[in-house]
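Please open the model in a viewer and keep the selection panel at hand. The stops below proceed from one element to the next.

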Amino acid sequence: MTERSQDEEKTSQGPQAGKAPQAEEPARAVKGTKATKAGKPGKAAKEAKTSTAAGTAAATKPAGGAGAAKTGPGRGEQPGRPAQARAAKGVSRRRLLGTAGAAGAAGLVAGGAAGAFATETVRKDPAPLNGVGSGSRPFHGVHQAGIADPAQTCGHLAAFDLAPGADRKAAAALLRRWSATAADLMAGRTPKGDDSGVALDAGPCSLTVTFGFGRTFFDRTGLASKRPAALEPLPAFTADALDPKRSEGDLWVQIGADDALVAFHALRLLQQQAGSAARLRWQMNGFNRTPGATAQPMTARNLMGQVDGTNNPKPSDPRFTGHVYVPEDRSGADAWMAGGSYAVVRRIRMLLDSWDNLSLERQEKVIGRRKSDGAPLSGGTETTPVDLNKFREDGSLAIAGDAHIRVASPASNRGATMLRRAFSYHDGFLDDGAPDAGLLFVAWQADPLKGFVPVQRKLDRGDGLSRFLRHESSGLYAVPGGCAPGEYVGQRLLEG
Ligand SMILES: C=CC1=C(C)c2cc3[nH]c(cc4nc(cc5[nH]c(cc1n2)c(C)c5CCC(=O)O)C(CCC(=O)O)=C4C)c(C)c3C=C
Ligand SMILES: [Fe+2]
């Protein structure tokens with residue numbers, strides 16, 4: 001059935017509304033830049049004053065946090081950036097960061113208008129980045145980053161297959177390379193040998209890089225005895241129209257950053273570093289709201305226009321860790337997964353032409369929440385607990401029997417809970433003019449059989465939203481816990 005075959009009609013409204021690592025090189029120029037602006041001190045001085053003040057004020061606030069959104073310096077400072085970029089000629093990002101002191105600290109460098117003077121000035125007197133650029137998330141820790149932290153503006157999901165003949169040793173070397181690169185990039189350091197310049201002027205921009213293992217990884221590396229039972233293939237669902245070429249894979253990488261160049265740079269480096277050990281199997285690009293786009297931080301919207309993510313489990317909830325992460329005292333064959341999590345990844349295309357043709361009232365009924373503010377149809381505001389037992393005066397359920405939030409809720413699924421951390425995607429338009437767009441749905445849980453699987457089974461049978469969705473690709477990955485400095489992600493599996 002094509003998207004256009006849906007017979008829903010809008011009644012009350014119009015359309016809703018790599019190079020191989022090498023020794024560290026001396027300063028490198030940004031390709032194609034000109035140094036001439038450095039010779040205009042008057043203008044540069046003015047720019048420096050303005051931008052430095054804004055940057056200093058914002059640097060104390062975490063990217064994407066309340067302060068960053070309120071002050072909104074990131075977008076306001078954009079006009080000043082080209083001059084800074086030009087002035088950065090001849091200064092490697094690594095060098096700038098070295099001057100600034102501890103990597104990863106707020107207000108690193110490079111974006112400041114001090115750069116508008118000249119190279120030497122930049123080196124001696126780096127100005128802080130604005131709030132968005134300076135945000136950094138830790139690579140090392142009990143859990144990997146990119147799970148419980150807020151989804152960033154830009155996302156790349158990629159799966160790699162080990163090359164024929166690549167064994168456990170090759171896989172271990174790859175994970176070691178990838179981990180070292182991710183640790184550098186997330187701290188705002190330029191990895192050794194990286195002279196691409198792609199992210200040269202930017203801070204870490206809340207970059208996260210998260211690594212996982214698919215079911216097939218374990219056979220290829222002779223580690224089948226350590227494959228967790230939780231990696232059993234997902235059942236088939238009736239809404240599935242899966243493309244095997246864009247599904248599964250030996251290794252999975254999730255990249256997120258609040259800057260598109262920073263995110264691409266990470267993806268490109270990892271792809272280069274895969275070298276002869278692994279080949280890209282599939283790759284998808286996604287996005288979310290930009291920090292500062294809204295007056296205050298608020299739950300993001302998806303491409304159907306709905307506020308999406310409200311009833312996600314909150315890190316402040318005492319049950320959060322148990323729902324999302326494998327217990328840290330895990331023993332047995334999959335003890336290496338202690339502190340890890342399982343990611344279910346689904347590319348879900350939205351049948352937007354059909355959806356947009358529904359009246360607002362019907363759209364809200366399908367979800368069970370108001371579109372304008374995400375409040376449940378049982379009453380209150382966005383964060384009011386949903387009352388699934390509330391009836392309207394006419395005797396009908398306030399939240400319909402097939403409403404998405406009723407069918408998906410833990411209350412309807414014996415407590416099954418997952419953390420949804422999605423990116424929207426748009427890959428152009430199909431031959432019939434319908435947008436090839438939707439959600440790169442990533443669900444995190446300690447056990448997919450107690451999270452995604454029962455919920456999707458139920459949605460498959462009785463969710464009013466499912467007729468507007470097509471699941472086009474699928475992956476299930478074991479995402480190990482984080483690592484300590486000097487270690488790499490997956491070391492406990494590969495060297496245990
Ligand atoms: C198998 C799990 C889920 C899939 C697949 C899924 C797809 C999907 N969902 C939306 C939009 C919304 N989902 C919302 C809530 C919600 N969704 C799931 C699970 C899946 N969604 C859960 C567990 C919940 C929370 C239910 C609850 O306890 O209330 C909402 C409401 C706002 C919110 O709470 O996040 C929206 C909107 C889309 C568009 C989509 C596929 C493209
Ligand atoms: Fe949902």
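This is a predicted model: local features need pLDDT of at least 70, side-chain atom pairs count only at pLDDT 80 or more; totals for chains, interfaces and linings use all residues.

Begin with strand S5, which is mostly covered: ten of its ten residues are buried. Display the side chains of the strand. Ser341, Ala343, Val345, Arg347 and Arg349 point one way, whereas Tyr342, Val344, Arg346, Ile348 and Met350 point the other way, and all are buried.

Strand S9 (residues 469-479) runs antiparallel to S5 and is joined to it by ten bridges. Strand S8 also pairs with S5 in the antiparallel sense, here over eight bridges.

Before moving on, colour the whole chain by secondary structure. The chain contains 16 helices and nine strands. Of its 496 residues, 49% are buried.

**The ligand shell**

Select ligand 1 and the residues around it. Which residues come nearest to ligand 1? Among the 25 residues around the ligand, these are Gln306, Thr310, Asn311, Ala408 and Ser409. The strand of the opening stop returns here: S5 (341-350), helix H14 (404-408), strand S8 (435-445) and helix H15 (452-462) each supply at least two residues of the shell. H15 gives the most, with four residues. Colouring the shell by residue type separates 14 nonpolar, nine polar and two charged residues.

**The nonpolar core**

Now select the largest nonpolar core, which has 103 residues. Met186, Ala266, Ala343 and Met350 touch the most other members. The largest share of this core, eight residues, comes from helix H8 (residues 168-186).

Centre on alanine 266. Apart from its neighbours within four places in sequence, alanine 266 is in contact with Leu185, Leu207, Val209, Ile255 and Ala257.

**Helix H8**

The 19 residues of H8 should span 27 Å at 1.5 Å a residue, and the end C-alpha atoms are 26 Å apart, which agrees. Then show the buried residues of H8, among them Ala171, Leu174, Leu175, Trp178, Leu185 and Met186. Arg177 and Asp184 also belong to the buried set. What do the buried residues of H8 pack against? Their partners are strand S1 (154-162), strand S2 (208-214), helix H10 (260-274), strand S4 (278-287) and helix H16 (491-494). Just after H8, glycine 188 takes a positive phi of about 85 degrees.

**The loop between H8 and S2**

Follow the chain to cysteine 205, which lies in the loop between H8 and S2. Most residues other than glycine have a negative phi. Cysteine 205, although not a glycine, has a positive phi of about 55 degrees. Serine 206 is in the loop between H8 and S2 as well, and has a positive phi of about 60 degrees although it is not a glycine. Are these two residues buried or exposed? A residue counts as buried when 20 or more other C-beta atoms lie within 10 Å of its own. Cysteine 205 has 32 such atoms and is therefore buried; serine 206 has 30 and is therefore buried too.

Select strand S3 (residues 251-257). Seven of its seven residues are buried, so S3 is largely enclosed by the rest of the structure. Leu251, Val253, Ile255 and Ala257 point one way from S3, and Trp252, Gln254 and Gly256 the other way. Phenylalanine 213 stands opposite leucine 251 in S3.

**Last stop: leucine 360**

Finally, select leucine 360, found in helix H13 (residues 360-367). With 17 other C-beta atoms within 10 Å, leucine 360 is partly exposed. Serine 372 is twelve residues from leucine 360 along the chain, and their C-alpha atoms are separated by 9.8 Å.

Notes:
Residues are numbered from 1 along each chain as its sequence is written. Chains are lettered from A and ligands numbered from 1 in the order in which they are written. A nonpolar core is a set of buried Ala, Val, Leu, Ile, Met, Phe, Trp, Tyr and Cys residues joined through C-beta atoms within 7 Å. A residue is buried if 20 or more other C-beta atoms lie within 10 Å of its own, exposed if 12 or fewer, and partly exposed in between; C-beta atoms are placed from the backbone. Two residues are in contact if their C-beta atoms, placed from the backbone, lie within 7 Å. The expected span of a helix is 1.5 Å times one less than its number of residues. Two strands pair if DSSP finds at least two bridges between them. A residue is near a molecule or strand if its C-beta atom, placed from the backbone, lies within 6 Å of it. Ala, Val, Leu, Ile, Met, Phe, Trp, Tyr, Cys and Pro count as nonpolar, Asp, Glu, Lys and Arg as charged, and the others, Gly among them, as polar.
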